[in-house]
Amino acid sequence: MEAGGFLRGFIMLCVHLVLWCLAPLLPEEVKLKVMVMVCFFGLKEKKVARVARAALPKHFLEGVGMEGLEAVRGVKSVVGVSRVIPRVMVKPFLEDYLGVDVVVGREVKMVRGFYVGLLENMSDGRLELADLEGEEMIGFGSSSGYSGHDHHHLFSWCKEVYLVTPEEKRKWSPLPRDQYPKPLVFHDGRLAFRPTFQATLAMLTWLPFSLPLTIFRTLIFVTLPYPVSVAIGSVFGVRTRVINSPVGQAKADHPRNPKGHLYVCNHRTLLDPVYIAAMLNKKVSAVTYSVSRLSEWISPIPTIRLTRDRDEDRRRMEEALRRGDLVVCPEGTTCREPYLLRFSPLSLELVDEVYLVALVNWSDMFYGNSTGRSKCLDSFYYFMNPRPAYDVEFMEKVPTRMVVDGKTCESKHVANMVQGEIGRVLGFECTKFTRENKYLALAGNRGVVDANQ
(Lines give C-alpha, C1' and ligand atoms only; values in the text may rest on other atoms or scores of the structure.)
Protein backbone atom coordinates (compact mmCIF):
# COMPACT_ATOMS: atom_id res chain seq x y z
CA MET A 1 0.00 0.00 0.00
CA GLU A 2 2.90 2.38 0.60
CA ALA A 3 3.75 2.27 -3.10
CA GLY A 4 0.39 1.42 -4.66
CA GLY A 5 -2.15 3.26 -2.51
CA PHE A 6 -5.33 2.26 -0.71
CA LEU A 7 -7.07 0.86 -3.79
CA ARG A 8 -4.26 -1.59 -4.49
CA GLY A 9 -4.23 -2.48 -0.80
CA PHE A 10 -7.95 -3.29 -0.95
CA ILE A 11 -7.44 -5.44 -4.07
CA MET A 12 -4.55 -7.28 -2.41
CA LEU A 13 -6.70 -7.97 0.65
CA CYS A 14 -9.51 -9.40 -1.51
CA VAL A 15 -7.10 -11.54 -3.55
CA HIS A 16 -5.45 -12.80 -0.36
CA LEU A 17 -8.85 -13.80 1.01
CA VAL A 18 -9.75 -15.66 -2.21
CA LEU A 19 -6.41 -17.48 -2.22
CA TRP A 20 -6.89 -18.42 1.41
CA CYS A 21 -10.27 -19.97 0.57
CA LEU A 22 -8.70 -21.88 -2.34
CA ALA A 23 -5.58 -22.85 -0.39
CA PRO A 24 -6.15 -26.64 -0.58
CA LEU A 25 -6.54 -26.46 -4.36
CA LEU A 26 -3.61 -24.24 -5.34
CA PRO A 27 0.13 -24.85 -5.04
CA GLU A 28 2.11 -22.40 -2.92
CA GLU A 29 4.04 -21.24 -5.98
CA VAL A 30 0.87 -20.21 -7.78
CA LYS A 31 -0.43 -18.23 -4.79
CA LEU A 32 2.93 -16.51 -4.42
CA LYS A 33 3.04 -15.45 -8.08
CA VAL A 34 -0.52 -14.13 -7.97
CA MET A 35 0.20 -11.96 -4.93
CA VAL A 36 3.45 -10.65 -6.43
CA MET A 37 1.60 -9.76 -9.64
CA VAL A 38 -1.08 -7.80 -7.73
CA CYS A 39 1.52 -6.12 -5.54
CA PHE A 40 4.05 -5.05 -8.21
CA PHE A 41 2.21 -4.64 -11.53
CA GLY A 42 2.66 -1.13 -12.94
CA LEU A 43 4.81 0.26 -10.13
CA LYS A 44 7.92 2.29 -10.90
CA GLU A 45 11.26 0.78 -9.97
CA LYS A 46 12.31 3.95 -8.09
CA LYS A 47 9.11 3.98 -6.04
CA VAL A 48 9.47 0.36 -4.95
CA ALA A 49 13.15 0.88 -4.10
CA ARG A 50 12.28 3.91 -1.96
CA VAL A 51 9.61 2.00 -0.03
CA ALA A 52 12.00 -0.92 0.51
CA ARG A 53 14.67 1.43 1.82
CA ALA A 54 12.55 3.87 3.86
CA ALA A 55 9.34 2.15 5.00
CA LEU A 56 9.77 -1.63 5.16
CA PRO A 57 12.75 -1.87 7.59
CA LYS A 58 10.55 -0.75 10.49
CA HIS A 59 8.01 -3.52 9.85
CA PHE A 60 10.73 -6.13 9.28
CA LEU A 61 12.51 -5.16 12.52
CA GLU A 62 9.28 -5.71 14.43
CA GLY A 63 9.30 -9.29 13.11
CA VAL A 64 12.92 -10.10 13.99
CA GLY A 65 13.31 -12.66 16.78
CA MET A 66 16.10 -12.65 19.35
CA GLU A 67 16.87 -16.28 18.58
CA GLY A 68 17.34 -15.59 14.87
CA LEU A 69 19.63 -12.64 15.49
CA GLU A 70 21.75 -14.60 17.96
CA ALA A 71 22.31 -17.29 15.32
CA VAL A 72 24.12 -14.87 13.02
CA ARG A 73 25.59 -12.42 15.53
CA GLY A 74 29.38 -12.28 15.49
CA VAL A 75 29.74 -14.23 12.24
CA LYS A 76 32.15 -12.67 9.74
CA SER A 77 30.00 -13.29 6.66
CA VAL A 78 26.27 -14.00 6.52
CA VAL A 79 24.29 -15.11 3.50
CA GLY A 80 20.56 -14.41 3.52
CA VAL A 81 18.13 -16.37 1.35
CA SER A 82 14.63 -15.10 0.63
CA ARG A 83 12.60 -17.57 -1.36
CA VAL A 84 9.15 -16.04 -0.73
CA ILE A 85 9.61 -12.27 -0.46
CA PRO A 86 11.15 -10.73 -3.61
CA ARG A 87 14.77 -9.75 -3.18
CA VAL A 88 14.14 -6.07 -3.93
CA MET A 89 11.94 -5.79 -0.82
CA VAL A 90 14.29 -7.35 1.74
CA LYS A 91 17.77 -6.50 0.44
CA PRO A 92 18.04 -2.96 1.98
CA PHE A 93 16.81 -4.20 5.35
CA LEU A 94 19.04 -7.27 5.53
CA GLU A 95 22.15 -5.37 4.44
CA ASP A 96 21.66 -2.10 6.35
CA TYR A 97 20.10 -3.33 9.60
CA LEU A 98 21.22 -6.95 10.04
CA GLY A 99 24.61 -6.74 8.37
CA VAL A 100 23.93 -9.55 5.89
CA ASP A 101 26.71 -9.62 3.29
CA VAL A 102 24.90 -11.37 0.46
CA VAL A 103 21.17 -11.51 -0.20
CA VAL A 104 19.94 -14.14 -2.64
CA GLY A 105 16.33 -14.19 -3.72
CA ARG A 106 13.85 -14.00 -6.53
CA GLU A 107 13.58 -10.92 -8.73
CA VAL A 108 10.48 -9.34 -10.24
CA LYS A 109 10.60 -8.68 -13.98
CA MET A 110 10.79 -5.06 -15.16
CA VAL A 111 10.26 -3.35 -18.51
CA ARG A 112 11.58 0.20 -19.02
CA GLY A 113 11.67 1.00 -15.33
CA PHE A 114 8.21 -0.44 -14.52
CA TYR A 115 7.44 -3.76 -12.86
CA VAL A 116 5.24 -6.14 -14.82
CA GLY A 117 4.70 -8.39 -11.80
CA LEU A 118 6.22 -11.62 -13.13
CA LEU A 119 8.27 -13.45 -10.49
CA GLU A 120 11.47 -14.83 -11.94
CA ASN A 121 13.23 -18.04 -10.95
CA MET A 122 15.50 -18.24 -7.94
CA SER A 123 19.11 -17.20 -8.47
CA ASP A 124 21.71 -19.76 -7.46
CA GLY A 125 23.88 -17.01 -5.94
CA ARG A 126 27.08 -17.87 -7.78
CA LEU A 127 27.86 -14.26 -8.73
CA GLU A 128 26.95 -12.87 -5.31
CA LEU A 129 29.13 -15.38 -3.43
CA ALA A 130 32.18 -15.10 -5.69
CA ASP A 131 33.70 -12.25 -3.65
CA LEU A 132 33.28 -14.19 -0.39
CA GLU A 133 35.03 -17.38 -1.49
CA GLY A 134 37.32 -18.72 1.21
CA GLU A 135 35.59 -16.85 4.07
CA GLU A 136 33.65 -18.49 6.88
CA MET A 137 29.95 -18.10 6.08
CA ILE A 138 26.64 -19.02 7.66
CA GLY A 139 23.49 -19.53 5.61
CA PHE A 140 20.11 -18.45 6.92
CA GLY A 141 16.77 -19.27 5.33
CA SER A 142 13.24 -20.57 5.74
CA SER A 143 12.68 -24.30 5.55
CA SER A 144 9.05 -23.78 4.50
CA GLY A 145 10.27 -22.86 1.03
CA TYR A 146 13.43 -24.93 0.99
CA SER A 147 14.27 -26.84 -2.12
CA GLY A 148 17.40 -28.92 -2.37
CA HIS A 149 17.73 -28.17 -6.09
CA ASP A 150 17.56 -24.39 -5.65
CA HIS A 151 19.75 -24.08 -2.58
CA HIS A 152 22.22 -26.97 -2.81
CA HIS A 153 24.95 -24.94 -4.53
CA LEU A 154 24.44 -21.89 -2.35
CA PHE A 155 24.55 -23.67 1.01
CA SER A 156 27.52 -25.78 -0.04
CA TRP A 157 29.59 -22.60 0.46
CA CYS A 158 28.45 -22.21 4.07
CA LYS A 159 30.01 -23.70 7.18
CA GLU A 160 26.59 -23.84 8.88
CA VAL A 161 23.02 -23.55 7.59
CA TYR A 162 20.03 -22.42 9.67
CA LEU A 163 16.63 -23.33 8.25
CA VAL A 164 13.75 -21.99 10.30
CA THR A 165 10.22 -23.36 10.13
CA PRO A 166 7.17 -21.10 10.62
CA GLU A 167 6.34 -23.03 13.80
CA GLU A 168 9.78 -22.31 15.24
CA LYS A 169 9.63 -18.64 14.30
CA ARG A 170 6.29 -18.18 16.07
CA LYS A 171 8.01 -19.20 19.33
CA TRP A 172 10.75 -16.57 18.98
CA SER A 173 10.89 -13.64 21.39
CA PRO A 174 10.43 -10.19 19.81
CA LEU A 175 13.65 -8.21 19.57
CA PRO A 176 13.57 -5.21 21.97
CA ARG A 177 14.24 -1.82 20.43
CA ASP A 178 17.38 -1.27 22.49
CA GLN A 179 18.88 -4.45 21.01
CA TYR A 180 18.38 -3.51 17.35
CA PRO A 181 21.67 -4.10 15.49
CA LYS A 182 21.28 -0.57 14.10
CA PRO A 183 19.10 2.12 15.75
CA LEU A 184 15.90 2.86 13.85
CA VAL A 185 16.09 6.67 13.84
CA PHE A 186 14.53 7.37 10.45
CA HIS A 187 11.73 5.68 8.56
CA ASP A 188 9.01 6.78 6.17
CA GLY A 189 5.64 5.63 4.91
CA ARG A 190 2.14 6.35 6.18
CA LEU A 191 1.21 3.11 7.96
CA ALA A 192 1.85 3.28 11.71
CA PHE A 193 1.03 -0.41 12.20
CA ARG A 194 2.43 -3.68 10.94
CA PRO A 195 0.21 -4.51 7.93
CA THR A 196 -1.04 -7.97 8.88
CA PHE A 197 -4.27 -9.24 7.35
CA GLN A 198 -6.36 -8.36 10.41
CA ALA A 199 -4.80 -4.93 10.89
CA THR A 200 -5.15 -4.04 7.21
CA LEU A 201 -8.79 -5.14 7.21
CA ALA A 202 -9.44 -2.92 10.23
CA MET A 203 -7.75 0.04 8.52
CA LEU A 204 -9.72 -0.35 5.27
CA THR A 205 -12.94 -0.69 7.28
CA TRP A 206 -12.14 2.51 9.17
CA LEU A 207 -11.13 4.46 6.05
CA PRO A 208 -14.64 5.50 4.83
CA PHE A 209 -15.50 6.82 8.29
CA SER A 210 -12.15 8.59 8.71
CA LEU A 211 -12.49 10.88 5.69
CA PRO A 212 -15.51 12.94 6.82
CA LEU A 213 -14.24 12.83 10.41
CA THR A 214 -10.88 14.22 9.27
CA ILE A 215 -12.54 17.12 7.47
CA PHE A 216 -14.65 17.87 10.53
CA ARG A 217 -11.67 17.73 12.91
CA THR A 218 -9.65 20.01 10.62
CA LEU A 219 -12.44 22.57 10.39
CA ILE A 220 -12.74 22.59 14.17
CA PHE A 221 -9.08 23.44 14.70
CA VAL A 222 -8.96 25.98 11.87
CA THR A 223 -12.13 27.97 12.58
CA LEU A 224 -13.02 27.78 16.28
CA PRO A 225 -11.31 29.46 19.28
CA TYR A 226 -8.69 27.28 20.91
CA PRO A 227 -10.55 26.37 24.15
CA VAL A 228 -13.62 25.40 22.12
CA SER A 229 -11.72 23.48 19.45
CA VAL A 230 -9.76 21.44 22.03
CA ALA A 231 -12.91 20.59 23.96
CA ILE A 232 -14.91 19.57 20.88
CA GLY A 233 -11.91 17.72 19.46
CA SER A 234 -11.69 15.57 22.60
CA VAL A 235 -15.34 14.56 22.12
CA PHE A 236 -14.47 13.36 18.61
CA GLY A 237 -11.41 11.35 19.61
CA VAL A 238 -8.57 13.92 19.52
CA ARG A 239 -6.86 13.66 22.91
CA THR A 240 -4.75 16.57 24.14
CA ARG A 241 -2.91 16.77 27.45
CA VAL A 242 -1.04 19.79 28.74
CA ILE A 243 1.56 19.60 31.52
CA ASN A 244 2.52 22.77 33.44
CA SER A 245 -0.05 24.92 31.68
CA PRO A 246 1.43 28.42 31.12
CA VAL A 247 -1.88 30.27 30.51
CA GLY A 248 -1.64 33.65 32.18
CA GLN A 249 2.02 33.19 33.12
CA ALA A 250 3.50 34.50 29.89
CA LYS A 251 1.75 37.85 30.27
CA ALA A 252 3.22 38.29 33.74
CA ASP A 253 6.76 37.65 32.55
CA HIS A 254 8.56 40.78 31.37
CA PRO A 255 5.50 42.93 30.57
CA ARG A 256 7.73 45.62 29.03
CA ASN A 257 9.74 43.24 26.90
CA PRO A 258 9.86 44.78 23.40
CA LYS A 259 10.15 41.31 21.89
CA GLY A 260 7.77 38.42 22.00
CA HIS A 261 8.55 35.12 23.66
CA LEU A 262 10.49 32.47 21.79
CA TYR A 263 9.15 28.93 22.28
CA VAL A 264 11.55 26.15 21.29
CA CYS A 265 10.25 22.58 20.91
CA ASN A 266 11.12 19.26 19.38
CA HIS A 267 9.43 18.51 16.06
CA ARG A 268 6.88 15.70 15.71
CA THR A 269 4.36 16.93 13.09
CA LEU A 270 3.35 20.15 11.35
CA LEU A 271 0.75 20.61 14.10
CA ASP A 272 3.36 21.23 16.82
CA PRO A 273 3.04 25.07 16.77
CA VAL A 274 -0.76 24.82 16.55
CA TYR A 275 -0.93 22.71 19.70
CA ILE A 276 1.43 25.09 21.52
CA ALA A 277 -0.75 28.04 20.49
CA ALA A 278 -3.85 26.18 21.67
CA MET A 279 -2.33 25.43 25.06
CA LEU A 280 -1.17 29.05 25.39
CA ASN A 281 -4.63 30.17 24.27
CA LYS A 282 -3.20 32.92 22.09
CA LYS A 283 -1.92 33.50 18.58
CA VAL A 284 1.71 32.73 17.91
CA SER A 285 3.72 32.65 14.70
CA ALA A 286 5.68 29.63 13.50
CA VAL A 287 8.65 29.26 11.17
CA THR A 288 8.31 26.71 8.38
CA TYR A 289 10.43 25.14 5.69
CA SER A 290 9.41 22.85 2.82
CA VAL A 291 5.77 23.20 3.85
CA SER A 292 3.16 23.14 1.09
CA ARG A 293 1.12 26.21 0.22
CA LEU A 294 -2.00 24.24 1.18
CA SER A 295 -0.67 23.67 4.71
CA GLU A 296 0.16 27.36 5.04
CA TRP A 297 -3.24 28.38 3.73
CA ILE A 298 -5.25 26.30 6.20
CA SER A 299 -2.94 27.01 9.13
CA PRO A 300 -4.82 28.74 11.99
CA ILE A 301 -1.63 30.61 12.98
CA PRO A 302 0.69 32.88 10.94
CA THR A 303 3.67 31.14 9.34
CA ILE A 304 7.07 32.52 8.36
CA ARG A 305 8.74 30.64 5.53
CA LEU A 306 12.49 30.19 5.96
CA THR A 307 14.96 30.17 3.06
CA ARG A 308 18.00 28.33 4.49
CA ASP A 309 19.92 31.61 4.03
CA ARG A 310 21.22 32.39 7.52
CA ASP A 311 21.11 36.19 7.29
CA GLU A 312 17.68 36.29 5.66
CA ASP A 313 16.22 33.74 8.10
CA ARG A 314 17.62 35.73 11.03
CA ARG A 315 15.97 38.90 9.72
CA ARG A 316 12.60 37.15 9.27
CA MET A 317 12.61 35.66 12.76
CA GLU A 318 13.63 38.97 14.36
CA GLU A 319 10.76 40.68 12.56
CA ALA A 320 8.34 37.99 13.76
CA LEU A 321 9.53 38.41 17.36
CA ARG A 322 8.93 42.15 17.17
CA ARG A 323 5.32 41.41 16.24
CA GLY A 324 4.69 38.79 18.94
CA ASP A 325 5.49 35.28 20.14
CA LEU A 326 7.27 32.80 17.90
CA VAL A 327 7.52 28.99 17.86
CA VAL A 328 10.66 27.41 16.42
CA CYS A 329 11.53 23.73 15.89
CA PRO A 330 15.36 23.81 15.75
CA GLU A 331 15.61 20.24 14.44
CA GLY A 332 14.44 21.51 11.06
CA THR A 333 12.46 18.36 10.32
CA THR A 334 10.26 15.84 12.09
CA CYS A 335 11.42 12.67 13.81
CA ARG A 336 8.95 9.86 14.60
CA GLU A 337 11.09 7.79 16.90
CA PRO A 338 12.32 8.62 20.46
CA TYR A 339 15.33 10.56 19.20
CA LEU A 340 16.15 14.25 18.93
CA LEU A 341 18.03 15.53 15.90
CA ARG A 342 20.69 18.21 16.20
CA PHE A 343 19.30 21.63 17.20
CA SER A 344 20.15 24.65 15.06
CA PRO A 345 21.51 27.51 17.21
CA LEU A 346 20.28 30.39 15.01
CA SER A 347 17.00 31.12 16.81
CA LEU A 348 18.71 31.02 20.22
CA GLU A 349 20.92 33.95 19.19
CA LEU A 350 17.92 36.27 18.90
CA VAL A 351 16.75 36.40 22.53
CA ASP A 352 18.13 36.34 26.07
CA GLU A 353 15.88 33.50 27.22
CA VAL A 354 13.77 30.79 25.63
CA TYR A 355 10.71 28.83 26.74
CA LEU A 356 11.18 25.10 26.19
CA VAL A 357 8.31 22.83 25.18
CA ALA A 358 8.49 19.02 25.03
CA LEU A 359 6.09 17.30 22.65
CA VAL A 360 4.99 13.69 22.23
CA ASN A 361 2.29 12.43 19.89
CA TRP A 362 0.75 9.04 19.15
CA SER A 363 -0.65 7.72 15.89
CA ASP A 364 -2.23 4.28 15.95
CA MET A 365 -2.94 3.98 12.23
CA PHE A 366 -1.36 6.71 10.06
CA TYR A 367 1.75 8.84 10.44
CA GLY A 368 1.23 12.58 10.14
CA ASN A 369 4.60 13.31 8.54
CA SER A 370 6.52 12.17 5.47
CA THR A 371 9.36 13.03 3.10
CA GLY A 372 7.38 12.26 -0.07
CA ARG A 373 5.35 14.40 -2.42
CA SER A 374 2.20 14.10 -0.31
CA LYS A 375 3.54 16.32 2.50
CA CYS A 376 0.58 18.63 1.96
CA LEU A 377 -1.62 15.86 3.41
CA ASP A 378 0.43 15.35 6.59
CA SER A 379 -2.06 17.03 8.92
CA PHE A 380 -4.99 15.24 7.28
CA TYR A 381 -3.33 11.86 7.80
CA TYR A 382 -2.78 12.69 11.46
CA PHE A 383 -6.48 13.47 11.96
CA MET A 384 -7.42 10.26 10.10
CA ASN A 385 -6.25 8.25 13.11
CA PRO A 386 -9.08 6.86 15.27
CA ARG A 387 -7.65 8.41 18.44
CA PRO A 388 -4.72 10.77 17.75
CA ALA A 389 -3.07 12.12 20.89
CA TYR A 390 -0.67 14.91 21.85
CA ASP A 391 1.14 15.65 25.09
CA VAL A 392 2.41 19.24 25.44
CA GLU A 393 4.74 19.86 28.38
CA PHE A 394 5.91 23.39 29.11
CA MET A 395 9.30 23.50 30.80
CA GLU A 396 11.18 26.17 32.68
CA LYS A 397 12.57 29.03 30.62
CA VAL A 398 16.34 28.96 30.22
CA PRO A 399 18.84 31.76 29.51
CA THR A 400 20.72 31.80 26.22
CA ARG A 401 23.57 33.98 27.46
CA MET A 402 25.64 31.71 29.68
CA VAL A 403 29.07 32.20 31.17
CA VAL A 404 31.13 29.15 32.12
CA ASP A 405 34.61 29.54 33.64
CA GLY A 406 34.59 33.22 32.72
CA LYS A 407 33.78 32.53 29.05
CA THR A 408 30.52 33.13 27.22
CA CYS A 409 29.09 29.91 25.80
CA GLU A 410 28.77 29.76 22.04
CA SER A 411 25.27 29.43 20.63
CA LYS A 412 25.94 25.88 19.42
CA HIS A 413 26.71 24.80 22.99
CA VAL A 414 23.52 26.47 24.21
CA ALA A 415 21.61 24.60 21.46
CA ASN A 416 23.11 21.31 22.65
CA MET A 417 22.07 22.14 26.22
CA VAL A 418 18.52 22.92 25.11
CA GLN A 419 18.40 19.67 23.13
CA GLY A 420 19.62 17.76 26.18
CA GLU A 421 17.00 19.32 28.48
CA ILE A 422 14.12 18.45 26.17
CA GLY A 423 15.56 14.97 25.64
CA ARG A 424 15.83 14.45 29.40
CA VAL A 425 12.18 15.34 29.99
CA LEU A 426 10.95 13.15 27.13
CA GLY A 427 13.35 10.28 27.71
CA PHE A 428 14.56 10.66 24.11
CA GLU A 429 18.12 10.05 22.95
CA CYS A 430 19.97 13.08 21.57
CA THR A 431 21.76 12.60 18.24
CA LYS A 432 23.87 14.68 15.88
CA PHE A 433 21.77 13.75 12.87
CA THR A 434 20.40 16.60 10.75
CA ARG A 435 17.65 17.19 8.23
CA GLU A 436 20.16 16.37 5.49
CA ASN A 437 20.94 12.99 7.05
CA LYS A 438 17.23 12.16 7.23
CA TYR A 439 16.44 13.04 3.63
CA LEU A 440 19.53 11.29 2.27
CA ALA A 441 18.49 8.12 4.11
CA LEU A 442 14.80 8.20 3.17
CA ALA A 443 14.36 10.23 0.00
CA GLY A 444 17.79 10.14 -1.65
CA ASN A 445 18.15 13.94 -1.61
CA ARG A 446 19.41 16.60 0.79
CA GLY A 447 16.01 17.97 1.71
CA VAL A 448 16.70 21.34 0.09
CA VAL A 449 13.71 23.16 -1.34
CA ASP A 450 13.78 25.84 -4.03
CA ALA A 451 13.12 29.15 -2.26
CA ASN A 452 10.99 30.27 -5.20
CA GLN A 453 8.54 27.40 -4.84
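Here are some questions and answers on charges, salt bridges and one loop in this predicted model.

Q: How many salt bridges does the model have?
A: The rule asks for a side-chain nitrogen of Lys or Arg within 4 Å of a carboxyl oxygen of Asp or Glu. Going by that rule, the count is 29.

Q: How many residues apart in sequence are Arg310 and Glu349?
A: These two side chains meet in a salt bridge at 2.8 Å, N to O. Arg310 belongs to helix 15 and Glu349 to the loop between strand 12 and strand 13, so the bridge ties together parts whose separation in sequence is 39 residues.

Q: Which residues are linked with Arg310 in a network of salt bridges?
A: Arg310 is partly exposed, at 45% relative accessibility. Glu349 meets Arg310 in a salt bridge, and the network also takes in two other residues. Besides Arg310, then, the members are Arg314, Glu318 and Glu349.

Q: What is the N to O distance in the salt bridge of Glu410 and Lys412?
A: Glu410 is partly exposed at 46%, and Lys412 is partly exposed too, at 47%. Their side chains meet in a salt bridge, and the rule takes pairs within 4 Å. For this pair the N to O distance is 4.0 Å.

Q: Which residues gather with Arg373 in a patch of positive charge?
A: Arg373 lies in the loop between strand 13 and helix 16. Its relative accessibility is 88%, so Arg373 counts as exposed, the cut-off being over 50%. On the surface, Arg373 gathers in the positive patch with Lys44, Lys46 and Lys47.

Q: Is Ser363 buried or exposed?
A: Ser363 is placed in the loop between strand 13 and helix 16, where Arg373 also lies. The relative accessible area of Ser363 is 18%, and the cut-off is under 20%, so Ser363 is buried.

Q: Which residue has its backbone oxygen 3.4 Å from a polar side-chain atom of Ser363?
A: A polar contact needs N or O atoms within 3.5 Å. The side chain of Ser363 has a polar atom 3.4 Å from a backbone oxygen, and that oxygen belongs to Phe366.

Technical notes
Residues numbered from 1 in each chain as written. Predicted model: local features only at pLDDT ≥ 70, side-chain atom pairs only at ≥ 80, totals over all residues. Heavy atoms only, no water. Patch = residues over 30% accessible without salt bridge, like charges linked within 9 Å, V, L, I, M, F, W, Y side chains within 5 Å. Areas by Shrake-Rupley, 256 points an atom, 1.4 Å probe, with all protein chains shown as cover. Lys, Arg positive; Asp, Glu negative; His and termini not counted. Charge placed at Lys NZ, Arg CZ, Asp CG, Glu CD. Helix = DSSP H or I, 4+ residues; strand = E, 2+ residues; numbered from the N terminus. Buried < 20%, exposed > 50% of the residue type's maximum accessible area, 1.4 Å probe, protein only. Polar contact = N/O pair within 3.5 Å; in protein donor to acceptor, adjacent residues only side chain to side chain.
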